Amino acid sequence: MKIGKIIVSLFWALLPASLLAQSFTLDVDLKKPGSPIQETMYGIFFEDINYAGDGGLYAELVKNRSFEFPVDPLQGWKAFGKVEVREDGPFEKNPHYVRLQDPGHPHKWTGLDNEGYFGIGVKEGEKYRFSVWARVPDGGSSSLRVELVNTASMGENHFLCQDTLKVYGKEWKKYQLTISPDATLQKSSLRIFLVGDRKAVDLEHVSLFPEDTWKGHENGLRKDLAQALADLKPGIFRFPGGCIVEGTDLETRYNWKNSVGPVENRPLNENRWEYTFPHRFYPNYYQSYGLGFFEFFQLSEEIGAEPLPILSCGLACQFQNENKDAHCPVDELQPFIQDALDLIEFANGPADSKWGSIRAAMGHPAPFNMKFIGIGNEQWDSLYPEHLEPFLKAIRAAYPEMKVVGSSGPDSEGKQFDYLWPEMKRLKADLVDEHFYRPYDWFLSQGARYDNYDRKGPKVFAGEYACHAKGKKWNHAYASLLEAAFMTGIERNADVVHMATYAPLFAHVEGWQWRPDLIWYDNLRSFRTVSWYVQQLYGQFRGKNTLKLQMGGKNVTGAPGQGGLFASAVLDGDKVYVKVVNTSEEARDITLNFTGLKKKATLKADGGMRLMADRKFEDNTLRNPEDIVPLPLDFEGEGKQLETSVPALSFSIFVLERQ
Ligand code: AHR
């Protein structure tokens with residue numbers, strides 16, 4: 001025998017049988033439905049990072065509208081003529097305002113330009129609501145001219161639209177007018193001139209919103225971005241984020257109580273994402289709290305997701321604070337615990353309760369019916385269980401039906417994770433938040449992650465995850481494909497995994513600190529990434545119960561010999577959805593073999609969807625927002641066995657109907 005032949009024979013002999021045959025049989029057992037899949041299973045995680053809130057989802061177009069930026073109250077503004085910043089304004093928590101006065105010469109002008117967030121994006125013919133709190137300090141009346149301007153224009157006029165606002169009397173009052181630009185522009189500015197007889201005018205809370213916000217709310221959300229959330233059909237909505245919950249110090253933690261009530265009196269908070277990454281530094285990134293807890297609850301309701309607020313447990317960010325003094329001692333935690341109890345009352349209490357009445361006054365007398373609350377984000381060491389325990393006791397005593405989410409720290413495994421999980425079991429947390437921003441090989445190796453989790457312990461909330469390729473830490477289709485592969489394991493283990501949310505959610509192309517992210521935008525356009533489509537497909541084909549799906553008696557988790565395939569199946573009434581992710585670079589022939597059926601019963605193929613990731617390092621873009629999207633699948637036939645194939649680097653959902 002020639003040596004070459006021996007090598008070839010050995011090669012074939014060593015290959016697993018399934019690969020040799022190049023056909024993979026997926027056995028789907030239809031005898032009985034498996035565990036229910038929670039409606040909360042696939043959801044969204046919101047944090048004001050990457051200008052996700054102010055400058056993003058929150059549709060306010062004016063930056064520093066209350067003149068409260070601490071370094072310079074006129075940051076974001078250009079003042080001209082005679083402008084004075086004063087601090088005895090009508091809103092206790094936002095005391096600054098400006099006084100515009102006669103510039104002293106008929107040929108001079110007094111006023112202000114606002115630059116917005118990376119400019120003010122406006123669309124031709126759309127209506128924008130300008131509003132301002134104003135007074136004439138000396139009494140009588142005065143006038144302002146309000147304009148949207150294009151200062152880069154070579155045209156005769158800078159303005160895209162203008163109107164005049166008359167202000168009367170010494171009392172502070174809210175004024176508004178509607179303007180509509182005659183051109184579309186990514187980066188206009190808002191200009192306010194003191195006009196007429198130029199009597200001094202005081203201005204506070206200068207605001208500009210598109211009238212066409214999500215659901216038309218006045219203090220509203222950018223419609224395209226909110227729609228991208230609704231289209232995911234999310235079951236859970238986590239807010240207000242991860243690290244910003246904790247704060248760089250306790251002073252700057254997210255304080256939900258400051259985020260409710262009249263917007264004019266919600267104080268500014270620091271945003272840690274201003275300075276967390278000095279290589280992407282944003283020197284005036286603050287949280288206006290205009291998008292606050294009421295708006296989060298309202299959005300949850302409108303998109304059909306259960307709200308999941310996360311609150312500080314009295315520990316400042318542990319990444320940023322090694323010193324224990326940065327944290328609140330356990331015996332001084334009562335105000336933090338009270339914040340959690342008050343939040344539950346704000347969301348669920350009767351309209352005549354202390355906090356429920358604030359919700360009612362904001363326009364929602366009915367309770368929001370909140371069922372989950374998270375305490376602490378990425379905390380670790382014994383400090384965390386020590387802090388969590390008194391919260392659990394207090395919440396359990398007052399609201400025994402409330403489900404409390406604890407944390408397993410910032411890592412997907414390792415020392416803190418191994419310490420915290422047993423602690424969460426000991427404390428009987430209802431769910432445990434796990435975070436994993438991990439590379440390709442981690443995602444490829446974790447298909448079976450939850451197969452052997454303790455079924456009697458707390459449930460899993462995969463609260464922040466995304467595939468972060470080494471050296472390719474940006475959105476691309478291959479990373480999304482591996483997320484889809486990993487999610488087959490979430491789905492198969494729906495008895496233990498009750499929630500999963502990709503993170504982060506949003507990023508402004510000119511203002512990001514962290515990527516990849518699920519949805520990107522500039523001031524006027526947005527696009528949904530391939531990862532968004534993965535999430536959307538899981539949401540759309542969530543199903544009601546798991547079904548056992550195996551290859552040769554083993555779960556299909558990308559294990560050696562399984563041809564790079566990951567798969568899971570669910571039942572939705574008479575429909576069966578089989579999800580198959582082919583992470584290999586070759587097409588795979590597969591047989592869907594349905595067992596546990598009555599003799600005459602069959603399955604009829606009813607199409608499906610397929611998302612291709614063969615252009616591995618590409619994604620959708622602002623210019624080409626629907627470049628890589630799922631397409632309907634040509635899948636026909638009927639029987640107990642159906643043969644088909646899955647292309648290299650693809651995510652397929654086969655839809656079948658029981659006959
Ligand atoms: O999602 C970005 C950050 O990642 C979150 O704020 C934090 O929880 C995690 O470290």
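The side chains of Arg99 and Asp202 meet in a salt bridge with an N to O distance of 2.6 Å, a salt bridge being a side-chain nitrogen of Lys or Arg within 4 Å of a carboxyl oxygen of Asp or Glu. The pair links distant parts of the chain, with Arg99 in strand β5 (residues 97-101) and Asp202 in strand β13 (residues 201-210), 103 residues apart. Helices (H or I, at least four residues) and strands (E, at least two) are DSSP runs, numbered from the N terminus. Both Arg99 and Asp202 are buried; buried denotes under 20% relative accessible area, exposed over 50%, and partly exposed in between (1.4 Å probe, protein chains only). The model is predicted, with pLDDT of at least 70 required for local features and 80 or more for side-chain atom pairs, whereas totals for chains, interfaces and linings use all residues. Residues are numbered from 1 along each chain as its sequence is written, and side-chain values use heavy atoms, with hydrogens and water left out.

By the salt-bridge rule, the count comes to 38. In one of these, the side chains of Glu464 and Arg238 meet at 3.5 Å, N to O. Glu464 counts as buried at 5% relative accessibility, and Arg238 counts as buried at 0%.

An α-helix has 3.6 residues a turn, so residues three or four places apart point the same way. Glu423 is buried, with a relative accessible area of 14%, whereas Arg426 is partly exposed, with a relative accessible area of 46%. Elsewhere, a network of salt bridges links Asp411, Glu413, Glu434, Arg438 and Arg449.

A search of the whole structure finds 52 aromatic pairs. Rings of Phe, Tyr and Trp (its six-membered ring) pair if their centres lie within 6.5 Å; planes under 30 degrees apart count as stacked, over 60 as edge-to-face and the rest as tilted. Phe297 and Phe368 form a stacked pair, 5.2 Å centre to centre and with 15 degrees between the planes. This pair links distant parts of the chain, 71 residues apart: Phe297 is in helix α5 (residues 293-303) and Phe368 in the loop between α7 (354-361) and β18 (372-375). Phe297 is buried, with a relative accessible area of 1%, and Phe368 is buried, with a relative accessible area of 7%. Trp512 and Trp520 form an edge-to-face pair, 6.3 Å centre to centre and with 75 degrees between the planes. Both Trp512 and Trp520 are buried.

Helix α5 is largely enclosed by the rest of the structure, because 9 of its 11 residues are buried. Among these buried residues are Phe293, Phe294, Phe296 and Phe297. Their cover includes β2 (42-45), α3 (223-230), β14 (236-239), β17 (306-311), α6 (334-348) and α7, contact meaning heavy atoms within 4.5 Å. Just after α5, Gly304 takes a positive phi of about 75 degrees.

Charges also sit over rings, the criterion being NZ of Lys or CZ of Arg within 6 Å of the ring centre and within 35 degrees of the ring normal. The charged end of Arg198 sits over the ring of Trp109, 5.0 Å from its centre. For Lys472, the charged end sits over the ring of Phe617, 4.8 Å from its centre.
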